[in-house]
Amino acid sequence: MPPVGSPGGGWTRPGARSPSSPQASYLLGVRRMHRRGDHWPPGRTAGWLGGCTALLWATNGAPGVYGDVLFSMHVVEHMTVGMLVPVLLVVAAPITLALCALRRRTDGGRGPREWLLELVHARYLRLLTRAPVAGALLVGSLMGFYYTPAFGIAMSTLTGHVLMTAHFLTVGYMFAWVVCGPGPRPTRPTYPLRLVMLIVTMAFHAFVGVSMMSGREILGEAWFSRLDRTWGPSLAEDQYLGRALAWGLGDYPVAVLTAALAIAWIRSDNRESRRYDAKPIWTTTRSSRPTTLTSRRWLRSTLIARIAPAPPLPPTARTPT
């Protein structure tokens with residue numbers, strides 16, 4: 001098996017420096033496609049950069065700094081990481097870009113592209129990307145996190161906080177990937193099923209937000225009361241504000257998901273129409289010679305033949321009186 005840097009053995013050349021960030025990896029793939037003469041939509045690149053920027057702001061900006069002492073800022077961080085960032089990353093189609101930019105091995109071995117295909121078509125991923133499972137994971141994770149001791153563990157320990165961020169980012173990505181993800185996927189539900197899945201899941205998500213607002217218990221009371229904070233809103237006011245944000249901040253990612261689903265649906269119908277119109281249909285002319293007509297021309301000729309009046313009979317074929 002040739003080394004990674006050998007011709008046909010991988011996608012990096014000897015002496016090349018590996019990308020140190022997801023942004024650099026994505027831009028490197030776009031650059032390689034442009035060098036090859038292929039076109040990559042700039043909107044997908046903007047979506048990737050926007051998702052990475054939102055993730056960086058949520059984990060290292062004001063939500064990440066004040067999220068440990070204010071429940072409202074923690075909700076902003078959670079909703080940004082779990083709802084907004086996955087939608088932007090899925091719209092950017094990073095898996096499709098990687099499969100287009102990485103080189104295929106010609107020696108029968110497995111390189112980065114082959115391992116990525118194995119991961120995409122794995123059995124467990126096929127189960128996780130089913131429409132009911134992805135929706136249940138998104139809503140169930142939200143309820144199981146805030147109404148179990150997992151919330152206190154994530155607030156009081158660094159490991160729990162990192163695991164929380166990774167979990168909600170992964171679950172949100174799975175859900176957005178099933179709804180509007182382009183490129184290869186283990187399962188491909190129909191577009192009406194995706195729309196129903198989006199409506200039902202967001203209805204349950206709103207129900208969880210309303211139930212959180214109607215509740216009077218203090219979430220993570222053991223942690224927030226231990227801080228003995230003397231500035232900002234009171235503990236009860238901060239909890240109410242955070243629950244209202246949990247209900248309201250889910251609408252913006254839903255709007256982006258709905259728009260992406262509608263665009264994908266329209267493009268799929270256009271491709272199906274072009275494929276159907278270009279499909280050859282064999283029919284027979286008056287001279288009994290088979291000719292090839294497209295479906296649209298065949299439909300037009302059939303309608304004209306049925307609507308147009310029949311030609312008059314010749315004098316020799318008329319019935320004598």
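1. The largest cavity holds about 80 Å³ of space. This is a predicted model, where local features need pLDDT of at least 70, side-chain atom pairs count only at pLDDT 80 or more, and totals for chains, interfaces and linings use all residues. Residues are numbered from 1 along each chain as its sequence is written, and side-chain values use heavy atoms, with hydrogens and water left out.

2. On terms: a cavity is a set of points on a 1 Å grid over the protein atoms alone where a 1.4 Å probe fits but cannot get out, and lining residues have an atom within 4 Å of a point. Volume is the space filled by probe spheres set on the points, which are joined across faces, edges and corners. Searching the whole structure turns up three cavities of 30 Å³ or more.

3. Who lines the largest one? His78, Met79, Gly82, Met83, Leu138, Leu142, Phe168, Gly172 and His205 do. Helix α4 gives the largest share, four residues (helices are DSSP runs of H or I, at least four residues, numbered from the N terminus). The lining splits into five nonpolar, four polar and no charged residues (Ala, Val, Leu, Ile, Met, Phe, Trp, Tyr, Cys and Pro count as nonpolar, Asp, Glu, Lys and Arg as charged, the others, Gly among them, as polar).

4. Helix α4 (residues 71-91) also packs on α13 (residues 235-248), at about 20° with axes 7 Å apart (axes are lines fitted to C-alpha atoms over the stretch in contact, with angles from 0 to 180 degrees between N-to-C directions). That makes the two roughly parallel, a label for angles under 35 degrees.

How values were computed. Parallel < 35°, antiparallel > 145°, perpendicular 65-115°, else oblique. 1 Å grid on protein atoms, 1.4 Å probe; cavity = no way out; pocket = protein on both sides within 12 Å on 5 of 7 lines; lining within 4 Å.
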